[in-house]
Amino acid sequence: MFLFKHKDKKTFAFYNNGSIMNMFYCCNKGFNMNDTFIKARVKMQRKWWKEGSVYQIYPRSFMDSNGDGIGDINGITSKLEYIKELGIDMIWISPYFKSPNDDNGYDISDYRDIMDDFGTLQDWEKMIQKIHDLGMKLIMDLVVNHSSDEHEWFKKSRESKDNPYRDYYYWKKGNGGQEPNDWLSYFSGTAWEYDKQTEEYFLHLFTKKQPDLNWSNPKVRREVYDIMEYWIEKGVDGFRMDVIGAIAKTDGLPSIGDGRKYKWGGEHFLNLPKAHEYLQEMNREVLSKYDLMTVGETGDVTPDDAKLYTAESRKELGMVFQFEHMGVDDNKKHEKWLKSPFKLTKFKKSMSTWQTGLSDEGWNSLYLGNHDQVRIVSRFGDDKKYRKESAKMLATMLYTQKGTPYVYQGEEIGMTNSIFSSIDEYRDVESKNYFADRKSKGDKTKDILKRLNTASRDHSRTPMQWDGSANAGFTSATPWIKVNSDYKQINAQQAVSDEDSIYNYYKKLLKIRKESMCLVYGEYEDFEFKNQKVYAFTRKDSDNTYLTVCNFYAKPTRFSTKDKYDLSKAQVVISNYDNHDIKDYKIKLKPFESLVFKVK
Ligand code: TEU
Ligand code: CA
């Protein structure tokens, strides 16, 4: 232990060199260190899952190996070298367990076996072996807020009121012929389904084929821990926990009534104190025994909530996957289907709040897209004239922030949103339910389709574009969902061989990040926060300082470091343009130009 400023009369501060990183404790909030006002802080512990990058696979759409039009496990195995080559360390695969596929596998009927469409347990064993041989890790999707209604537990649960599985789910009597309460499902309509057999309703926050498991029942929690142990024994290296923030519900499941915070009932099931208790128990019972990556999908969290989930001292999860920045282009009513134009200042505010909010403890995921969101270059960049430039710019901004990088399949080659011309082309249950719901309320088909084309999850679920051959090389049969018509120009084969491609840029960027502890752990600070066109920030540690500068628009713009950093002397670590118009402290930025400078 080394005392720091030991003559200071008000503060007791010291370093501790005992852990891998230096730690700095300080007991007075206003303590002044080297004339910089800093808050009491403890530097974070190093972890492999903070330093590596994640690649997310949506198995149904990744690669079909047996010509039935559906992606599968052997398809994934055949493409692992491609992922490794990109510089990936962890692969998160969306659910591949037995499922009637009401929500593409997020409705599980057997947690211990592989979905028929995807192959066998033997195929899975070959896959994980190869993942490990290539030095990567497998993160599995743990979907335990709900199961499928075709799971054995639910089948028994619905049989009678007094069977041992009844309390595995939430059953309630109707309220004068109405649903037991006023909660809404995420996927349109009420969150309750009436079941004739016992004349009661069951709760489903998602589709009616996804009944919510009752976590207040210790037997349910034990079942979940056993499932986790089963897969840990088979070699998985971590868990992505689906809607884990919703596992606890207010006792008695009361209605929200008026004056509600959320119109759909979230105050009774999102991020309740009980959810933290369950996760602490899960940590004691399972997680603490292994060196795993854990990421909780947590909607509607603030950085303070995220610290409750991920501060080391809390012993819950490793990192959160939060959604605040996914709402920046929502319309005023926060309906995901009606977007307002993207505004950089709003986006920055959210990103920055999270960067600074978790600067001392807790850990975040860095993502812009996944299987529930539209394609990032279409949403935040320009998927036409500046597709390459803007895709690279977005990656530069994202992966030089603090957190674990996530690449969603196809993002690394700049895949774009599709055009769906009729409801029959959609496959997603959320989109189909929305269509039916709005139709029944009298909206015009044309208007609903327009909204779906802006926000449907199917945009990210079109098949991975491997090459320019039929069906983008994804399948030899008719694919389960249509291929984006731009596959002849945009595909992996082209991207891998083109030195200037988005893919090769991602590769370089992920490598730079992984090799710099400053980019992984260094402190984040906004630079000229009020700039409406440029997103700039620094990452600093005691040895290095990086400055990221991103023009978010197609219009050229100017940026100045105002005598702070002489850009003509700084090293450009990576950029999406070869030549830069730099003069001393100033730079003229081209459309979507982005650079990372090493200024110290
Ligand atoms: O998503 C949870 C979630 O919060 C969704 O409501 C999300 O906001 C929505 O998909 C956006 O349109 C998880 C999975 O990622 C999703 O694919 C599943 O459908 C859902 O849980 C149910 O398991
Ligand atoms: Ca197949």
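Glutamate 125 is partly exposed, with a relative accessible area of 34%, where buried denotes under 20% relative accessible area, exposed over 50%, and partly exposed the range in between (1.4 Å probe, protein chains only). The structure is a predicted model, in which local features need pLDDT of at least 70 and side-chain atom pairs count only at pLDDT 80 or more, whereas totals for chains, interfaces and linings use all residues. Residues are numbered from 1 along each chain as its sequence is written, and side-chain values use heavy atoms, with hydrogens and water left out.

Glutamate 125 forms a salt bridge with lysine 234, the closest N and O atoms being 3.5 Å apart; a salt bridge is defined as a side-chain nitrogen of Lys or Arg within 4 Å of a carboxyl oxygen of Asp or Glu. Lysine 234 is likewise partly exposed, at 26% relative accessible area. In total, the structure holds 49 salt bridges.

A further salt bridge, at 3.2 Å from N to O, links the side chains of arginine 461 and aspartate 372, and both of these residues are buried. Salt bridges with shared partners join Asp103, Lys336, Asp372, Asp428, Glu430, Arg457 and Arg461 into one network.

The calcium ion (ligand 2) is coordinated at 2.2 to 2.4 Å by Asp64 (OD), Asn66 (OD1), Asp68 (OD), Ile70 (O) and Asp72 (OD), donors being N, O and S atoms within 2.8 Å of the metal (3.2 Å for Na, K and Ca), and sites may look incomplete because water is not among the atoms.

How values were computed: Chains are lettered from A and ligands numbered from 1 in the order in which they are written.
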